[in-house]
Amino acid sequence: MKFESFDPLQAKQVVSSDVATRSLKREISNILSSYVGWYDPFAELIQNSLDSVEERSQLEKGEYTPSIWVTINIQENYLIVTDNGVGLDETKFKSFLAPDFSFKSGKTRGHKGVGATYLAYGFNFMQICSKTEDFMAVGKMVDARKWLADENPSGNPQVKYDENGAIDPVFQDIDKGVSIYLKFDKYTHPKELGWIKADTADSWMKILSVKTGLGAFFNNQNINVVLSVINKNGKVETVNQKGIEYLWPQKIVRKAASFKQIELKRKELFDKGKDPYKLPSTLKDLDVFYEMWTTNELIDLLVISDEDELDVCNKFSPTVYFGYAYSLKVWNSFNESLNIRGNSKILYGGIQIAANNMPQGELIQIPLNRNIGRQNQVHMVIHFDNCSADLGRKGFQNEIVEFAKEISKRLIDGPLQKVKYCLKTNTGISPDLMREKEVEDWKEEMSVYEKEHPLQLISDHFFLPLRKISITSIPTREQDVIALFNQMVAGGVIRGVRIMSTNERLTYDGLYKIVIEEPAENHKYDEYINPLGVLKENVESISTLPFVSKPKILEYKFSLDGLIENIQDGSKNSNDIGLVIVWETGESYIGNYKITSLLDENNLSLRQYHGLTHIMTNLTTGQREMDLIVLSELIDFLNNPGETQQMQIEKYED
């Protein structure tokens, strides 16, 4: 059957209005579902304004000062972004909110034609003001978000003339530009601008310089940004910033130096026959070292030869920035300084992908195979040309993401490792300022503590001839753990560990050896008289006694949480450590590590030497990371083996 040629894209205009409306609502709902980030409204409004003022800058070379004004009203829960860009003429004003309709090119920050649709239909009140040389309009859309959720709405939302005029008084003073007002409510995301807790203009400027186009990867010092914040009490704060640029980590610390500076000085010292590690004070004890490399510099630095990686370099011209912090304290201190909601992270370790000269999407974890704590010390920003994120700017094509991960990993394991020694040492030690009164208070406090938290371990098999431990109260700090452990070794509770030395100057606490010697019965497991022993067959598999291991590194901590933090901030390397003595395991290991309890009789075959209570394994690699002796659980086990074994199963297996 013959028919006239037709355009499939015209179907929406031909079918019945009900079918067309349902189809359109599905399309808009899909767009809104891709915008789930807390900062999406800010990012969309700001990127549109930046594109507009940069376009006008290209057209006009005179006295024009590109400017945007951002108003965050926490008290009344609204956001305004106004610019003095090119403005929207009548045609654009009436069409730019439609889905998949854009006047922008692929070189601008926004060009997919979905961001404006998200703003229009994601909120229940939006005011749009536009001014050009021959057109000016002030319109509003009301209850568009409710319309989208209503299965049987009466008519589509309309942009209507707003007789009240522009809400932002700045709009009256600009010759051209756009002002958009968004009201937040229980139907929007976010619901409350006060949720993040930031309530000062300075904090918001820093946040938006990481999360939106104000954080330009390639800075533009010509754009003027005025940011006003009205807090919940109605207090107004305003900051004026000249230029837009990403909030690089070296800008938030006291002392920083570039990788190229360090390498140049190292070469200079080497060429003069001097020790390249003896750098001047300006390049030592750094909070952060940092650098930015172009595509060609990156290829040369990492000797990139893989065809797929070279293809990414040729197609997308990646530019790589990194900031390597001496400790997670750098990120935590910065985030805390913003007075934002607890556990919120604005700057942190990971990979931030950027495109169209702005950060896009969430941080991606750097996939290190060893010493995984370093992945959180390094903040990478990698900018790709000629590419765009998906709807909502949440993700990029797989080849870009995998390239970013691989390059970040190789940089950290390679060239960055060479100059890591320039960072400040993370001792974690605070000065002791206790005066005499504090000492007396401490004595009294510990006397009360001893009565309320007695430590009891009485046995016919240990601590002869008294048969009871001399430590009188439950440990409260690392020094108590050291004393208790050494008491356990001296009392014969733990028989496989020999302490070689202690250390107060270097990174780790001490050295030990594993020694298994005659009589072998001292090391063999017996449920009643030697419950911390090694299975008979494991002992007898050793061909010659005594068995003496090579020296291994020993660490003491009150809680395993302290060591996990050291590993994460890079001050200690999990591959170096053989045995950790702790009072408790804490919870920081959860997610990255698995702990297997050897106090559970089902795992007895895994105990390799006397007294070992637990094994910690890396969940990502499956690698056995280190051995543990958890003293609180060891004592509970000796005092009450049945209940403790069940607790071990529930805690570590279930």
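Begin by selecting N339, in the loop between α12 (329–337) and β12 (350–355). Helix and strand names here follow DSSP runs numbered from the N terminus, with helices being H or I of at least four residues and strands E of at least two. Before going further, note that this is a predicted model, in which local features need pLDDT of at least 70, side-chain atom pairs count only at pLDDT 80 or more, and totals for chains, interfaces and linings use all residues. Residues are numbered from 1 along each chain as its sequence is written, and side-chain values use heavy atoms, leaving out hydrogens and water.

**Two positive phi angles**

Stay on N339: its phi is positive, about 55°, although N339 is not a glycine. Most residues other than glycine have a negative phi. Is N339 buried or exposed? With a relative accessibility of 53%, N339 counts as exposed (buried means under 20% relative accessible area, exposed over 50%, partly exposed in between, with a 1.4 Å probe and protein chains only).

Next, select S317, in the loop that runs between α11 (307–316) and β11 (319–325). S317 is not a glycine either, and has a positive phi of about 40°. Its relative accessibility is 27%, so S317 counts as partly exposed.

**An open sheet and a helix across it**

Now colour the eight strands of the open sheet, in the order β5-β4-β3-β6-β2-β1-β7-β8, where the pairing is mixed (two strands pair if DSSP finds at least two bridges between them). At the edges are β5 (160–161) and β8 (236–244), each pairing on one side only. Zoom in on β4 (residues 136–142), which is antiparallel to β5 over two bridges. Here K140 stands opposite K160 in β5.

Of the 20 residues of α3, 14 are buried, so the helix is largely enclosed by the rest of the structure.

**Two cis peptide bonds**

Finish with the peptide bond between E518 and P519, which is cis with omega about -5°. P519 sits in the loop between β16 (510–516) and α17 (536–540). Then select L545 and P546, joined by a cis peptide bond with omega about 5°. P546 is in the loop between α17 and β17 (547–548).
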